[in-house]
Amino acid sequence: MNLGQSQLFSLGDEEDFKSLEKHMYKRTYKKNQLLFTEGDPRDKIYFLLEGFVKLERFNQEATILYLDYLKPNDFFPYRGMFTNEYYHFSAYALTDIVVYYIPMTIFENFILSDKSRLFHVVKILTGIMEQHEKRIEIITTNYVKDRIELTFAYLMIYYGTKIQNGIIIDIPIPQTEIAKLSGASRESVSHIFKELKEDKLISQNDNKQIIINQPDYFLNRLK
């Protein structure tokens, strides 16, 4: 694995990578397989090589408290680093995935052994926190349509790839997931989704991936 492709190791050198590679293990998971569940010992850190992963946490009433998606070259879990003994959420393979993992104690000791590495991790975690703050701003918007359209903007920015006729959202995300992200009902999402398609602002390909046909429209919704 080329660890340098991961944001977490973008400042490292070849010797750094070699010191970790002997502790790395490769695993593949099929779609919907569980990597770990909330309350499991936090003994591994994962690096996503291929596919997409979903992180989620529910309360006792089965209401979702936390939802996030990970794309290739992301690492997880980032919550509780250096402090917590247990995972605070569950991780599922959203598609077939390939991951590498390192025992958490080895990884944390590696980061703590160099101040520049630790500073780099802090910067990454700060960026993740800012991303989550933007999501919170979206779901606290008063109007349902605004929340849903802003959610499309969020997905486009963080999970989109530019193509000839717009931006395709790489992550496979059904309307039920958009409803969770936007804090809206499934029925509201379906209605707004239909409107956006009729206005040719979005479309879908044969794989049901969402295509943003007019990115500027959604970017302007963020202003």
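Visitor: Where is confidence lowest in the protein, and where is it highest?
Guide: Where pLDDT is low, the predicted coordinates should not be read in detail. Helix α1, residues 14–21, has the lowest confidence, with a mean of 72. At the other end of the scale, with 96, is β2.

Visitor: How many helices and strands does the protein have?
Guide: The chain has 223 residues, of which 43% count as buried. Among contacts with a separation of 6 or more, 68% are between residues 24 or more positions apart. As for the elements, there are seven helices and 12 strands.

Visitor: In the open sheet of four strands, which are the edge strands?
Guide: The strand order is β1-β8-β3-β6, with antiparallel pairing.

Visitor: Which residue in β8 does Tyr25 stand opposite?
Guide: β1 and β8 run antiparallel and are joined by five bridges. On the β8 side, the residue facing Tyr25 is Tyr101.

Visitor: And which residue in β8 stands opposite Ile45?
Guide: β8 is also joined to β3, by six bridges, and these two run antiparallel as well. Opposite Ile45 you'll find Ile102.

Visitor: How far apart are the C-alpha atoms of Glu21 and Ile102?
Guide: Glu21 belongs to helix α1. With a relative accessibility of 37%, Glu21 counts as partly exposed. Glu21 and Ile102 are 81 residues apart along the chain, and their C-alpha atoms are separated by 8.6 Å.

Visitor: Why is β8 described as largely enclosed by the rest of the structure?
Guide: Buried here means under 20% relative accessible area. β8 is largely enclosed because, of its seven residues, the number buried is six.

Visitor: What angle does the direction of α2 make with that of β8?
Guide: Helix α2 packs on the sheet and touches both β3 and β8. Its direction and that of β8 make an angle of about 70 degrees.

Visitor: Why do the buried residues of α2 line one face of the helix?
Guide: In α2 (residues 104–112), the buried ones are Met104, Phe107, Glu108, Phe110 and Ile111. They line one face because, looking down the axis of α2, they fall within an arc of 155 degrees.

Visitor: Which exposed residues are carried on the face of α2 turned away from its buried side?
Guide: To count as exposed, a residue needs over 50% relative accessible area. On that face of α2, the exposed residues are Thr105 and Asn109.

Visitor: Which element gives the largest share of the largest nonpolar core?
Guide: This core has 32 residues, and Leu35, Tyr46 and Phe76 touch the most other members. Elements giving two or more residues to it include β2 (34–36), β3 (44–50), α2 and α3 (115–139). The largest share is five residues, and it comes from β8.

Visitor: How many residues are in the other core?
Guide: It lies apart from that one, and Leu94, Tyr154, Tyr159 and Ile212 are among its members. Its residue count is 30.

Visitor: Which residues of α5 are buried?
Guide: Helix α5 (residues 175–182) is mostly covered, with six of its eight residues buried. Just after α5 comes Gly183, with a positive phi of about 65 degrees. The buried residues in the helix are Gln175, Glu177, Ile178, Ala179, Leu181 and Ser182.

Visitor: Which residue does a cis peptide bond join to Pro77?
Guide: Pro77 sits in the loop between β6 and β7. The cis bond has an omega of about 0 degrees, and the residue it joins to Pro77 is Phe76.

Visitor: What phi does Asn32 have?
Guide: Asn32 is in the loop between β1 and β2. With 56% relative accessibility, Asn32 counts as exposed. Although Asn32 is not a glycine, its phi is positive, at about 80 degrees.

Visitor: And what phi does Lys200 have?
Guide: Lys200 is in the loop between α6 (186–198) and β11 (202–204). Lys200 is exposed, at 61% relative accessible area. Lys200 is not a glycine, yet it has a positive phi of about 60 degrees.

Notes
Residues are numbered from 1 along each chain as its sequence is written. This is a predicted model: local features need pLDDT of at least 70, side-chain atom pairs count only at pLDDT 80 or more; totals for chains, interfaces and linings use all residues. Side-chain values use heavy atoms; hydrogens and water are left out. Buried means under 20% relative accessible area, exposed over 50%, partly exposed in between (1.4 Å probe, protein chains only). The arc is that of the directions from the helix axis to the C-beta atoms. A nonpolar core is a set of buried Ala, Val, Leu, Ile, Met, Phe, Trp, Tyr and Cys residues joined through side-chain atoms within 4.5 Å. Two strands pair if DSSP finds at least two bridges between them. Contact means heavy atoms within 4.5 Å. Axes are lines fitted to C-alpha atoms, for helices over the stretch in contact, and angles run from 0 to 180 degrees between N-to-C directions. pLDDT is the predictor's confidence in each residue, from 0 to 100.
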